Structures are given as C-alpha cells and as structure tokens.
Amino acid sequence: MDSVALEPSLYTVKAIFILDNDGNRLLSKYYDAELYPSMKEQKNFEKNVFNKTQKADNEIAFLEGLTIVYKSSIDLFFYVVGSAQENELMLMAVLNCLFESLSQILRKNVERRCVLDNLDGVFLVVDEIIDGGVILESDPQQVVEKVNYKCVSEQAFGFVLFDYITGNMEGQGQKSQLL
Amino acid sequence: MIKKFDKKDEEAGSGSNPFQHLEKSAVLQEARIFNETPINPRRCLHILTKIIYLLNQGEHFGTTEATEAFFAMTRLFQSNDQTLRRMCYLTIKEMANISEDVIIVTSSLTKDMTGKEDVYRGPAIRALCRITDTTMLQAIERYMKQAIVDKVPSVSSSALVSSLHMVKMSYDVVKRWVNEAQEAASSDNIMVQYHALGLLYHLRKNDRLAVSKMLNKFTKSGLKSPFAYCMLIRIASKLLEETEGGHDSPLFDFIESCLRNKHEMVVYEAASAIVHMPNCTARELAPAVSVLQLFCSSPKAALRYAAVRTLNKVAMKHPSAVTACNLDLENLITDSNRSIATLAITTLLKTGSESSVDRLMKQISSFVSEISDEFKVVVVQAISALCQKYPRKHSVMMNFLSNMLRDDGGFEYKRAIVDCIISIIEDNPESKETGLAHLCEFIEDCEHTVLATKILHLLGKEGPRTPSPSKYIRFIFNRVVLESEAVRAAAVSALAKFGAQNDDLLPSVLVLMQRCMMDSDDEVRDRATFYMNVLQQKQKALNAAYIFNGLSVSIPGLEKSLHQYTLEPSEKPFDMKTVPLATAPITEQKTEIAPVATSKLPEKLAPSRQDIYQEQLAAIPEFQALGPLFKSSEPVQLTEAETEYVVRCIKHTFVGHMVFQFDCTNTLNDQLLQRVLVQMEPSEAYEVVQHVAAQSLPYSQPGSCYTLVRLPEDDPTAVSCTFSCAMKYLVRDCDPNTGEPDDDGYDDEYVLEDLEVTVADHIQKVLKPNFSAAWEEVGDEFEKEETFALASVRTLDEAVGNIISFLGMQPCERSDKVPENKNSHILFLAGVFRGGHDVLVRARLALADGVTMQVTVRSVDENVVDVILASVG
C-alpha cells in the first residue's frame, strides 16, 4: 500500500469485468498488458475477487495491490479495477455509468439471463465507456444514445415474459443448489 | 428470431446460459452464413456475439481459422444494420492481433469514419487506429487531424483517445497534431476537454516549460470536466515536486483552490495531492484534512474508504494533524465495510493515546478474520509502530500477534507478524520468553522456509541465554526430523549454539548432532560434522570464532578473492585477511557459518558500496599494489554548498596507505577546468606519495581526482592527522552556450577546508552477535583499562552516540540503546583495526554531574589497544 505518486495519465481503468453469482465470467476486459497477462492469472484473480466480495456488499475493496469498486445486482457482480493510488471516485464514476447504462438498455432487468440475451449490447456499452483503459464517456445517457441498442425484449414481449419467469425460477433453483 | 436460436441452444441442453457449451468449431462453421446473400443481420449478429464471447472466455483461435472468420466478417459491411456494424468494429479490434491481413478493412473503416452517419464515425476511428501501423498512419493523418477538431464530441473524443494510444507507436506523427489537440481542449464537451488535456500532456511531458505554460493556461481559464481537473491536479503536483517549488507557488494555490470545487472527485484528488506532498506543514495540511473529515461521514462507502485511507497516510507522518478527526474515525470503527473499519482503527492507533490501545485492540480482534491479507499487514504494521511508541503495551500486543499467527494467511502477512514479534523481543527484554514461545509454536506448523530459518536463527541467538534453554531444544530438534533441507540445516546451526553456550546441555546436544550426521542432505551433514568437531574441543575461543560469530567478510568480496586465488595457484594458503570486510553490519541470515541453501531466498546479494569503490580503485594503475581496500568513509564536504566548485572527499583506507578520492564538480558554465588535482599538506608524519589528476572537468559534470598518502610505519599510533587542502587546476574560459573553450588557459588554485583523518578511519565496523564469547576469544593478554570524565556530556544517550561516532565501531548486543531512567550503562563495541586485528571495547558509563567512563580495550595486537586508548584520551 505504498504511495508512489500517480503519473498523470488518462489510463485510469486497469480492468473491468462482470461475473455471475457462481463467479463465472460473462465479460471481462484487461487494459494493462502487464497486469495478469495470461488467461489463467486473470481467472484466478477474478475468482479471488469474487470470493472476497460476494458475501458483503461493500462497494469497495483492496486486493492484490489493486483498488476494486464493485456492485451487485440480483445475480450479477460488476467490477472496476484501478491501481492502488487511483482516485476511487473516478473508478466509481465508471462503475455507476456502466450500471446505469446497462439498466437503461436492459429496461431495468439487470440480471444474468437478460445480460446474456443482450450480450452484444453489453459489449457495445463497455466499449463506449472505456477504450483501452481510458474513460471514454461517463454519462450513462450519452452512452445509451451512442450505442443506440434495441433490447430484444421489445420484439418478443411474450417470450421475454416467459423467459423472465423461467429464468427467475432457474436462478432460484441454482441458489437452492448452492445452499 | 434470435429467441429461436436461444431456444434451440436450450433444447440442446446448454442450461440457462445460451453461450455455455459453445464449441469453437461449430461457431466457426456457423460463420459461413456471413457469405450468404442476402445478409441476415440478426443471425449474423448472434454469431459475431458468440465469437466475441468465446474470445473473451479465453478460447484460443488459430491464425488460419481466425483469418478465415475475419475475412468472412468483412462481407457484413454491406449490411446497414447499425448494431451489426458496431459488432463488426468490435470483432476487428478483438481480432487485430490474432488474424492476418487485418488492414484489408482499412478502406471500409475510413469510409465510415468520414461518412455521414455520426453513430459510426467514432467507433470506426477507434477500430481503424487499432489496426493501423506507423506506415499506414501517414495515409490517414489528414482524416485524424480533421476528426480531432470535429464538432461531434464522440468523434473528437475517439480521435483524441486513439491518438493517445498511438503515441507509444509513432510519437513523431502524433506530435504533429498538437495544434488540433489544443483546439479540442477548448471544446465545450467535458469529455473532449479531458481527452485533449491528456493527449497534450502526454506529448509535452518531457518539456517542463511547455507543461508549465499549459497548466498556467488551463488553471486560469477553468475547465468544466471534473476528470480534467483531477488530471490538472496530478500534473501540477508532479511539476511542484520536480521543480521543488515552494508551497507559495501558484500551482499550490491552484491545488488548494480545488478543495472548494463542487465535485467530490476533484476535492478528494486535491486533498490527496496535498497529503502526498513531501514536507507539508501542519497548517498547509489542515484544509485537506478537514475536507477528508467531512468525507468520513459520507453515505458512499467508496468516499469513506478514500478519506480514511488518505487520513491513514497523514497519520504516519503527522499524527497530530489527524487528531481532530478522532471522533469521526471512532464512528467508522463499526463500519460494515471491514476495510474502512480496519483503516479507521489503525489510524486511531497512530493518533490515539495509550489508554485507548486496549479498547481498539479488542475491537479489531473481533473481525480480523474477515479482512483481506493486505489489510492484516496494515494492522500488523500499526501494531509494530505502536510497540515502539508505548513499550509497556507489549503484553497486549504479543497476545494479539500470537492469535494472528495462528490464523490462516499468506506469506507476506506471516512475515509481517514474525518481524513484528522479533522487533518487540529485541526492544523489550521482558517479552523475550513469551515471544520466543509463540515463535516456537509457530514453527511447529510453518510452511514458509524463509520464516522457519529466520526463527531458528533467532532461537539459536537468544535461546541459550534464557533461564531455561533446554525447553527450546525440543522445538529445534523437531525441525531436524520433520522439515526440508534448508530448515534442517538452520536447526543444526541453532542446536550448536545451545551446545556451545550451555555446558550442561552439551552432552545431549552432541547426541542429537550425531543423529544429524546421518542426514540425507549434504549441507545438513556437513554442518553437523563441523559443529560436532568444534564442540568436542570444548574451547571457548573456538566456539566463539566458529559458532557464535561467523565470517565478517563481504560475501561478493570473498567470492572474488577465492576466484582470483584459483586462477593463480600458489603454495601459500588462502589468507582470509586479504578479503575486504563487509561494510554494513551484516544481517542475521548472513552470519550463518556456511551460507544456507540460498536457492530459495529470492534476493541476491547486491555488491555493497565498498565493493564498488574497490572495483573503481583497482582500475587505476597507481593503486594496484596497495592490496585490498580496508574501509571507505562517508563523503566529507570540503566546500560550502553554493560555491564555484563543489568538492567532497571519500577516504579509502588500505593496509599501509590511504587514498583520498576528491569528487569535484564545476558549477561555472563559462569555465573548463583541466588537470585538476588536490594538494595536501599533512600535519603529522604522513607522506604524500602521488597525485592522480582529473584530466578535464567541464561544467556540471562531476569528475574525480585522487591523492595517495603513505601512513607512517615507524609510529603505528599516529592515527589522526589534519590535512590542509588546495585544489590546483588549469582554467580555460569558454562560451557558456556552446561550451567551446579558449585556446589558452591559466593556472589557478582554490583553497578547500581542512580534512581530518581520525581513528574511526582505521577501524571497520564488525557485528559480533555474541559479544561475551568474542570477548573471551580475544583474551586479556593485551587488555588495558582507563577511566575518563566526560564533563561536557549531559546524558548517557549523548555519551553513547559520541563514543560510537568517534571510534567508528559497531555497537553489539543492542547496547547502543540506553534504557530510560538509568544512571549507568555498558556499551559494547566491536571492530577490526587496519591490518586485520580484531578490537573490542567495553565502556562502562555512569551518570553523575557529567558522565564518567571506564574504557576497557582488548585486541590481539598491543599497538591497537594503545591507539584506541590514546585517541579516546
């Protein structure tokens, strides 16, 4: 936790990832080539972070020399990772923007099933918020406009309702298995 | 339609995740529909998503298959479906490194980038820059310049950020876009402003003047983006640090003014910047601390965390500045976020009073198992600091530490605890037994070799001197039975120390040693055999030399000398006295008689300062016959700080000579000095033999010249001498701008301050881990004793400090620390005199009106004893 002054730079975000409630990766991007260069190290890191954060909804943690801000929603966990000296509020701005934008394009259904059904939209949202570690946009409204994504639920409402119910039940089924 | 695919996947048994059991080959097979006409956007979109998903999961794509899929994907540019196009950009970026010939899409992307559809332009720029290399960059340079100043914010931002990414690759090209970036910086859009500032700084960061101008401009005009403000604060504090600007500089004022910004992010950044500035006064810290104090009660966990973490930093240097926040910190102790609670408690431990320690420790032990290793280390460090501050609290701490030692945790965490316990043991003799007992318990089940060997070494050092040494033997011998080679070897060394110090334990130790001689590992057997034989001699002197006090030579020096010896075979046996001594008091692990199987220790021995000097001097032909370098002093300044020439001297002592190294710097930019040497006039019978001049000394480039002096052989007690010094040189005036010197010059002279050689220059510090054994080893053949009165000294601490710095010897047995409220003290000093004679000093100090000192000196050489006593008197 040493405090070496931060080199002024736009490269704020080291990594961003979304995990489901079993700790499986749905999406993850690492922007610092030196940080966890191999897939094995990345997944290991994600597992470690998940284990430390899934129980307590604490918003912020410090692990393996990195500052991690996070948020959970139903059966999903969103993480934004920065260096130990990074301004925590900047990371929070990214996390909030990610969550708000997804919430809008998914019509507030920020849960695993809906994210998977609209994974293309989620990829595009992340791409609009961060580019190679630089915060590209922090205003969710702007992000949604730029992505201009149509949630699948619009076209087949009946299906979505059906999926929503079954998805939920599946979710619960998994939870009870976990317990 | 897409739903149908999902249904199909589900029926195929993929559970609730439509992507779960994707087969790469099946997906690539599906990708063939990219070639179908007409393009079905929905299906293609779904397949692209699958490909990106697979890449994201870490699936490996071969170059051929990736290239094939990539080329098929390029056909999708014919469709006008927005989302599909955007996914194509993403695929391009993801595949840029795995597919071949990605530049094939350049023209499509250039078209999108300059087209009418604003939604495409930004993302197309970013994708294009991702696949562009230096040669192609020239071709799109014109478009990039236009894009940077485009009035659509997303286009401008994309161009700026992509330019920043490309600075690493083609700095020279991107540098030409500075004017455009400058224009973008005055944009109304907050993100464009931020990105432009970032790019501008990146292009100019090596030009301090330009950075300063830029800061000046933006701090005056004011920015809208909070991100840009954070960036500005970082640039400003970096510039302040580099220029060592005072805190009255406008930059500091700017940072301070940001404490009143309306965005919390900016306020926090400013507070953090002020806190991290070196040498801030309490008054300058106060406004930063008070905003952090406000943040402590924020409903946002991240903000509370940020605030308390920064306050924790402040508390390390300025505990008093944080006391005002104690109440707010108390409220955070019960914070549901354990990281915040831990930081709050450790901060309070630093700022609080002795009475609150017990309560805080109880509080923290209630949740220590819930926090991550990183924070546990923070807690241990806080405890360690606390023990130094309140030594009386050691029993509470020790209990707490031993509990922590029993919990699970990684290496760093355990090492922090062990280090902390060891430092408590060394500072508080009363805590020694409990501490050793806790450590013994720990090594019974310790998976870290480094820690086990460290503790065994400590047991060997401290155990034999406790009232009941026998109880440690069991713990040590258990290691011999159960552990890996390195630990077994360390255990054998520890056992030997018990045998050497405690006569009644010797027979049992010998029995145990005998068993160790049957060990399967060479090192363990060798050590056991060696110690066995030494112990059987039952001679105190042998024990002292080979068991307690190991080698005091520098390890790299020994390696070099031995290598040299094998290169030039001779009849003479190798002489240990030719090996240079280790300069720094050697740390514990290196005092092992044979080096531990060091393969597991990560750090390699770095050559010490003296080894570097040895190399440098040996490279000068005049000094090659002098033998090994015995000691190098710290540099002594021979000029005032701000004079024309700056000269400092390092005294190198050899067996019969001294070499004075003068490091000279010429601070006049209109002069070139040549043939620089320092003339020395000794006050005693020292003889100046030779000068080695520095040939040329241009402006601000340091150079060294040397003077060789022979020490008087007939009078070995003449150890101190004063030299009057003068620097002589040839001056050639030169043009300050070009450095071009005039053709002719003139001789000149510059008088330096006098240089003293004292007894300390003839003695090298050596740490004797067991002083009394060494004392016996040297014996009383040449012992002399004298009593002195130090009238001018008022405290024992001061007396101890004076003696150590005067004699330049190593204090042993931590006798340099005088316990509080004592009227008498014994100081043990050890060293080696020039020529390789051990010398030991015992000084009994008594405090009355002044300090009375009884000095006893022992050495193997009578002259040395006389020298020391004469110089003290």
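What percentage of the residues of chain B count as buried?

The structure is a predicted model, in which local features need pLDDT of at least 70, side-chain atom pairs count only at pLDDT 80 or more, and totals for chains, interfaces and linings use all residues. Residues are numbered from 1 along each chain as its sequence is written, chains are lettered from A and ligands numbered from 1 in the order in which they are written, and side-chain values use heavy atoms, with hydrogens and water left out.

**Exercise 1. Describe chain B as a whole.**

Solution. Begin with burial, where buried means under 20% relative accessible area, exposed over 50%, and partly exposed in between (1.4 Å probe, protein chains only). Of the 873 residues of chain B, 53% count as buried. Next, take the secondary structure: helices (H or I, at least four residues) and strands (E, at least two) are DSSP runs, numbered from the N terminus. Chain B has 37 helices and 17 strands. Then turn to contacts, defined as heavy atoms within 4.5 Å. Among contacts in chain B with a separation of 6 or more, 64% join residues 24 or more positions apart. Finally, the accessible surface (Shrake-Rupley method, 1.4 Å probe; for residues, only the protein chains shown count as cover) of chain B comes to about 39,400 Å², and carbon and sulfur atoms hold 50% of that surface.

**Exercise 2. Characterise the interface of chain A and chain B.**

Solution. The size of an interface is often given as the accessible area lost when the parts come together. Buried area is accordingly the accessible area (1.4 Å probe) that two parts lose on being put together, summed over both. Between chain A and chain B about 5,800 Å² is buried, with 56% given by carbon and sulfur atoms. Chain A brings 63 residues to the contact and chain B brings 68 residues.

Charged pairs follow. A salt bridge is a side-chain nitrogen of Lys or Arg within 4 Å of a carboxyl oxygen of Asp or Glu. The rule finds eleven salt bridges across this interface. One of the pairs that form a salt bridge is B:Arg126 with A:Glu128, whose closest N and O atoms are 3.5 Å apart. Helix α4 (residues 119–129) of chain A gives the most to the side of chain A that touches chain B, namely six residues. By class, that side of chain A has 30 nonpolar, 13 polar and 20 charged residues; Ala, Val, Leu, Ile, Met, Phe, Trp, Tyr, Cys and Pro count as nonpolar, Asp, Glu, Lys and Arg as charged, and the others, Gly among them, as polar.

**Exercise 3. Locate two residues other than glycine with positive phi.**

Solution. A:Glu64 has phi near 50 degrees and lies in the loop between β3 (60–63) and β4 (66–73) of chain A. At 34% relative accessibility, A:Glu64 is partly exposed. A:Lys108 has phi near 70 degrees and sits in the loop between α2 and α3 (112–117) of chain A. A:Lys108 counts as exposed because its relative accessibility is 69%.
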